[in-house]
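Visitor: I would like to learn how to read a strand arrangement and a few backbone details. Where do we begin?

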Amino acid sequence: MFQGQKDSAVKKNKKVVVGYDLGCNFAQISYCALEDAEPETVSAVAGTEQYNIPMVLCKRSGVGQWYYGKEAVKFAREGNGILVENLLMLAERGGDVIVEGEAFDPVALLTLFVKRSLTLLNIRASLSQVEAFMFTVGELTPRMVDVLGKVALGLQLSARHICFQSHRESFYAYMLHQNRELWKNDVMIFEYDMLLKSMYLERNVRTTPKVVFIRQEDYPEMERIIWAEDESEKQQQMTDLDMQFLTIAEEILKGSNVSTIFLLGDGFKEGWAKESLKLLCRNRRVFQGNNLYSKGACYGMMERMNPSAEWKENVYLGVDKLKSNIGMQVLRQGKDSYYAVMDAGVNWYEAEKEFDIILESGNELRFVITPLTGGNVTHRSIALDGLPERPAKTTRLNIHVEMTAVDQAAITVEDMGFGEFFPSSGKAWTHNIQV
């Protein structure tokens with residue numbers, strides 16, 4: 001098990017990083033003082049290791065009173081209110097949620113849930129101590145980024161840094177903070193809640209920096225089982241599920257270089273994985289728990305604020321990451337030099353840069369695209385048609401680069417002239433380039 005710990009309070013004068021995991025059915029909150037090395041996870045029930053907070057709200061019948069989490073489930077079960085489930089899915093999908101004939105904004109409901117759940121953190125650290133806050137979700141789509149941005153705004157946090165990352169990146173951040181023996185080879189996650197999914201982490205150590213990829217697969221054929229009441233039928237269900245998982249694991253691990261496996265999710269708690277567990281444990285380290293993502297969110301946030309040597313030596317190229325370095329060849333003190341515009345490994349929706357250059361001559365800009373996925377270095381040229389002719393080194397350009405998709409950048413160039421000698425022409429150019 002890798003989640004065991006005791007909740008502890010953070011001294012009032014210390015700043016805190018929070019990692020908040022928004023799953024499909026449960027949320028989790030981990031936290032860490034900036035000076036500490038190991039995050040802790042908030043218990044939903046004091047004195048226990050029950051970290052999962054049911055992601056539900058319950059509106060009390062006939063009045064505007066809302067409950068969250070376990071209390072909401074209990075209240076609804078007793079018939080005293082209307083349960084609202086799938087909060088994350090509803091917020092991403094959009095459209096009003098109708099409860100007792102009244103329309104509610106699903107993002108506002110998600111914000112209410114997050115705000116109420118953060119009261120669990122208050123006895124360990126006050127929200128005024130939160131310096132940085134990282135949300136982590138299964139898939140970080142552009143729509144989800146928009147939703148999380150609205151949730152963060154609605155929380156009115158005083159945190160200086162609020163960021164988002166996927167579960168895959170939280171997995172990556174978590175591993176970089178473990179003993180190197182655990183990730184010197186490939187690493188896997190098997191996660192089993194409503195259905196089974198796997199994540200396979202591998203590193204290319206022949207590049208500089210080392211490149212990390214994570215492949216994710218879903219197995220809808222292995223849905224969560226409702227156990228039979230009859231004991232013999234239940235045992236047969238367990239055996240069948242074990243054999244089904246064994247077949248999937250054998251196929252994935254055949255010829256692989258996996259040395260560490262994590263089993264996540266409540267679906268593994270029933271103890272049915274007997275034969276499959278024997279296979280997983282064959283010459284491998286296997287850990288079971290369920291707070292990896294929220295801890296990984298903490299680690300990811302701390303790395304953004306103060307990158308470690310391991311973070312600098314490795315770059316994670318996920319589906320939402322820029323896969324290439326973008327730069328320009330420029331003159332510095334009379335010598336050719338490379339100017340880094342954007343580095344591979346950043347989230348494309350956060351990638352933006354603005355800078356000025358003095359144009360040497362002509363009316364063309366050249367960008368250097370260096371992929372970290374093994375492709376060739378390429379160049380992208382932008383022609384500034386209509387740029388006034390001026391003597392060499394007397395045109396200052398303002399350049400704004402912003403990623404509009406994971407493989408496309410919008411580049412806006414504005415003629416700034418050259419002080420009093422050559423006034424700006426007012427011209428601007430916008431080009432889209434493939435990266």
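Visitor: In which order do the six strands of the open sheet stand?

Guide: In this predicted model, the order is E16-E15-E12-E13-E14-E17, and the pairing is mixed. E16 and strand E17 (314-316) each have a single partner strand, so they form the edges and one side of each has no neighbour in the sheet. Direction ignored, neighbouring strands are turned by 20 degrees against each other on average.

Visitor: How many bridges join E12 to E15?

Guide: Six bridges link strand E12 (residues 186-192) and strand E15 (residues 258-264), and the two run parallel. Within this pair, Phe190 is opposite Leu263 in E15.

Visitor: Which strands does helix H7 touch?

Guide: Helix H7 (residues 231-253) packs on the sheet and touches E12, E13, E14 and E15. Its direction makes about 150 degrees with that of E14. Helix H5 (residues 167-176) lies across E12, E13, E14, E15 and E17, at about 55 degrees to E13.

Visitor: Now the backbone. Is the peptide bond from Thr208 to Pro209 cis or trans?

Guide: That bond is cis, with omega near -5 degrees. Pro209 sits in the loop between strand E13 (195-204) and strand E14 (210-223).

Visitor: What is phi of Asn86?

Guide: Phi of Asn86 is near 55 degrees, a positive value in a residue other than glycine. Asn86 is in the loop between strand E7 (81-84) and helix H2 (87-93), and counts as partly exposed at 35% relative accessibility.

Visitor: And is Asn283 buried or exposed?

Guide: Asn283 is exposed, because its relative accessible area is 75%, and exposed means over 50%. Asn283 has a positive phi of about 60 degrees, although not a glycine, and lies in the loop between helix H8 (275-280) and strand E16 (285-289).

How values were computed:
Residues numbered from 1 in each chain as written. Predicted model: local features only at pLDDT ≥ 70, side-chain atom pairs only at ≥ 80, totals over all residues. Heavy atoms only, no water. Helix = DSSP H or I, 4+ residues; strand = E, 2+ residues; numbered from the N terminus. Buried < 20%, exposed > 50% of the residue type's maximum accessible area, 1.4 Å probe, protein only. Pairing = 2+ DSSP bridges. Axes fitted to C-alpha atoms, helices over the stretch in contact; angles between N-to-C directions. Contact = heavy atoms within 4.5 Å.
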